[in-house]
Amino acid sequence: MKRYCLALDLIDDPALIEKYKWHHAPENQWPAINQSIRDAGVASMEIYLFGNRMFMIMEVDDTFSFERMNAINQNPKSVEWENLMWGFQQAVPGAKPGEKWVLMEQVFKLPQ
């Protein structure tokens, strides 16, 4: 299993942040989106929030690639979801134009 950690900001508006959290609550998630994430080879995904900064941890299997995930995200339901989410999100400082989630560099790991 490989792990990726990514960052993204939400628009700094408490009402928008609450609505974003609402969309991610278990009872409001879109099953087709969860399935497309799994289809991309993601075994586990968690998102954490502090203020308006988000941190995502993805654990992926050997079939995963970001290219594969991007291809899967071109299906109509994923495009609809991504467009909806972009209304809550903004790129972190230093992101490339149009880039959403950005990979974070690991700088520490507790030795075994």
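Let's start with two helices: helix 2, residues 31-39, packs against helix 4, residues 76-86, at an angle of about 105°, and their axes are 10 Å apart. Axes here are lines fitted to C-alpha atoms, for helices over the stretch in contact, with angles running from 0 to 180 degrees between N-to-C directions. Helices (H or I, at least four residues) and strands (E, at least two) are DSSP runs, numbered from the N terminus. An angle like that makes helix 2 roughly perpendicular to helix 4; the scale is under 35 degrees for roughly parallel, over 145 for roughly antiparallel, 65 to 115 for roughly perpendicular, and oblique for the rest.

A word on the source: this is a predicted model, where local features need pLDDT of at least 70 and side-chain atom pairs count only at pLDDT 80 or more, while totals for chains, interfaces and linings use all residues. Residues are numbered from 1 along each chain as its sequence is written, and side-chain values use heavy atoms, with hydrogens and water left out.

Which residues of helix 2 and helix 4 make the contact? Ala32, Ile33 and Ser36 come from helix 2, and Lys77, Ser78 and Trp81 from helix 4, where contact means heavy atoms within 4.5 Å. They divide into three nonpolar, two polar and one charged. Nonpolar covers Ala, Val, Leu, Ile, Met, Phe, Trp, Tyr, Cys and Pro; charged covers Asp, Glu, Lys and Arg; the others, Gly among them, are polar.

Helix 4 has another partner. The axes of helix 1 and helix 4 come within 11 Å and cross at roughly 155°, which makes helix 1 roughly antiparallel to helix 4. Tyr20, His23 and His24 of helix 1 meet Trp81, Leu84 and Met85 of helix 4. This contact has four nonpolar residues, two polar and no charged.

Now follow Tyr20 to an aromatic pair. Rings of Phe, Tyr and Trp (its six-membered ring) pair if their centres lie within 6.5 Å, and planes under 30 degrees apart count as stacked, over 60 as edge-to-face and the rest as tilted. The structure holds five such pairs. Tyr20 and Phe88 are edge-to-face, 5.9 Å centre to centre with 70° between the planes. Tyr20 lies in helix 1 and Phe88 in the loop between helix 4 and strand 4, so the pair ties together parts 68 residues apart in sequence.

Last stop, the lining of the largest pocket. Which element gives the most to it? Strand 2 does, with eight residues. Helix 1, helix 2, strand 3, helix 3 and helix 4 are among the elements that each supply at least two. By class, this lining has 20 nonpolar, eleven polar and six charged residues.
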